[in-house]
Structure formats: structure tokens, C-alpha cells
Amino acid sequence: MGQQQVNQIEAGHVFVEDVRDAIAANRRMARSMTVEVYSRRNETFRVTETIGRRPGIPPRSYGVDLRNRRCDCRRFQTLHYPCAHVVAACAKVSLNVEHFIDEVYTLARTLRVWENEFPVLPDLSTWEVPPTTFELVPDKGLRRNPKGRPQSSRIHNEMDIREKSDGKLCGVCRLAGHN
């Protein structure tokens, strides 16, 4: 992975490939959006999607605040790189979108993760395992009873108590003394 990062840096790239692809896709989507400048000094905009993404649903509009790095769609705050609305707003006022991509997506930053070398693990048979100083005792109460009918865990109440009867009743006349 580190070599891949180095190759991308040598090719002249600044950001990781996934972010570059996402920004390219956002640039394509931003072409179909209209932008109203609310305040150039405060860098606030209203971006309206002219083509609805789903049929039957009207196009939506989103507020974009470049100074505070916020967009109403919340992708900008969540992913820390510009969504299509931010790309459209930047294109309107000729700002470079790459200034709004977080530093964690730079190849130099991700290369730091892979520059450390990981040692090769020795064979498992050569590992030194310290002897245990205690004995593991299983809790017999947690074991389930494998034999016999399962016991009901239902809690009985006064409704479950039967009234005392004189014995068995006849199945036809429901009287005691015969069957």
C-alpha cells in the first residue's frame, strides 16, 4: 500500500484516488445546478438542482456556507470533502475546490500510515507462552440441561391456579362420580 501511495505521488497526484473520483463525479453533477450568490463576502450560496435525481420528486435547493464548510445536504460536513453543491458554488466564484478537501485525504498524510514497517511474525511453534497462574472453572449454572423435556420459564400468577374439583367429570354430562 505504501508503494501505491508513492507511485501516485510520483505521478503528480495530491489526493487519494477515491476522493479524486468523487470530486470528478461531483463536478459532473455540478454542471446541472444553478447557483445564487447570497453573500460573496460571507461566502454563502443557494444551490438548486435543476435536474431531479428521482422521477416525480421536484429539484431541491441547498444552502452552502464555504467559510464554515457547511452544506445543507450534510455530505460536506460528514465526509470532509466538497459535495456537488459546494463544487457548483466554487465554480460560480472561481474558487479552487481542492482548498476545501480535508488534509486527511492527502497522499502525504496517508503515506505516513504505511511508512512503518511491520515485523514478520515468527512461527507459532516458537512462541513463548507464559504458563497460566490460575485455573479456569466453568460455571455449571450456565449449562443447559441436554436431557428431558424443556422446563417452562413462564412466571405463574393467580390466573394459573386451578379451583379444587371433586375429581374427574363425565365427558358427556359433566357430572362427577362416573365417566
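This is a predicted model: local features need pLDDT of at least 70, side-chain atom pairs count only at pLDDT 80 or more; totals for chains, interfaces and linings use all residues.
Arginine 112 sits in helix H5, which runs over residues 107-114. Along the chain, arginine 112 and glycine 2 are 110 residues apart, yet their C-alpha atoms are separated by 8.5 Å.

Now to helix H4, residues 84-92. Is H4 mostly covered or mostly open? Mostly covered: of its 9 residues, 7 are buried. Those are Ala84, His85, Val86, Val87, Ala88, Ala89 and Cys90.

H2 spans residues 17-30, and its axis lies 8 Å from that of H4, at an angle of about 65°. Angles of 65 to 115 degrees count as roughly perpendicular, and the two helices are therefore described that way. The crossing of H2 past H4 is right-handed. On the H2 side, the contact is made by Asn26, Arg27, Met29 and Ala30; on the H4 side, by Ala84, Val87 and Ala88. By type, the residues of this contact split into 5 nonpolar, 1 polar and 1 charged. The three H4 residues named here, Ala84, Val87 and Ala88, are also on the buried list. On spacing, an α-helix has 3.6 residues a turn, so residues three or four places apart point the same way.

Next, the record. UniProt, in an unreviewed entry, annotates residues 62-94 as "domain: SWIM-type". In the model, that stretch is 42% helix and 18% strand. Its end C-alpha atoms lie 19 Å apart.

Last, some backbone angles. Which residue with a positive phi follows H4? That is serine 94, with phi near 55°. Glutamate 43 also has a positive phi, near 55°, without being a glycine. Glutamate 43 is placed in the loop between E1 and E2, and at 23% relative accessibility it counts as partly exposed. Arginine 69, again not a glycine, has phi near 55°. Its place is the loop between E3 and E4. With a relative accessibility of 38%, arginine 69 counts as partly exposed.

That is where I will stop.

Note on methods. Residues are numbered from 1 along each chain as its sequence is written. Side-chain values use heavy atoms; hydrogens and water are left out. Axes are lines fitted to C-alpha atoms, for helices over the stretch in contact, and angles run from 0 to 180 degrees between N-to-C directions. Helices (H or I, at least four residues) and strands (E, at least two) are DSSP runs, numbered from the N terminus. Angles under 35 degrees count as roughly parallel, over 145 as roughly antiparallel, 65 to 115 as roughly perpendicular and the rest as oblique. A crossing is left-handed if the near helix is turned anticlockwise from the far one by less than a right angle, and right-handed if clockwise. Contact means heavy atoms within 4.5 Å. Ala, Val, Leu, Ile, Met, Phe, Trp, Tyr, Cys and Pro count as nonpolar, Asp, Glu, Lys and Arg as charged, and the others, Gly among them, as polar. UniProt positions are given in the numbering used here, feature names are shortened, and annotations may be inferred rather than shown by experiment. Buried means under 20% relative accessible area, exposed over 50%, partly exposed in between (1.4 Å probe, protein chains only).
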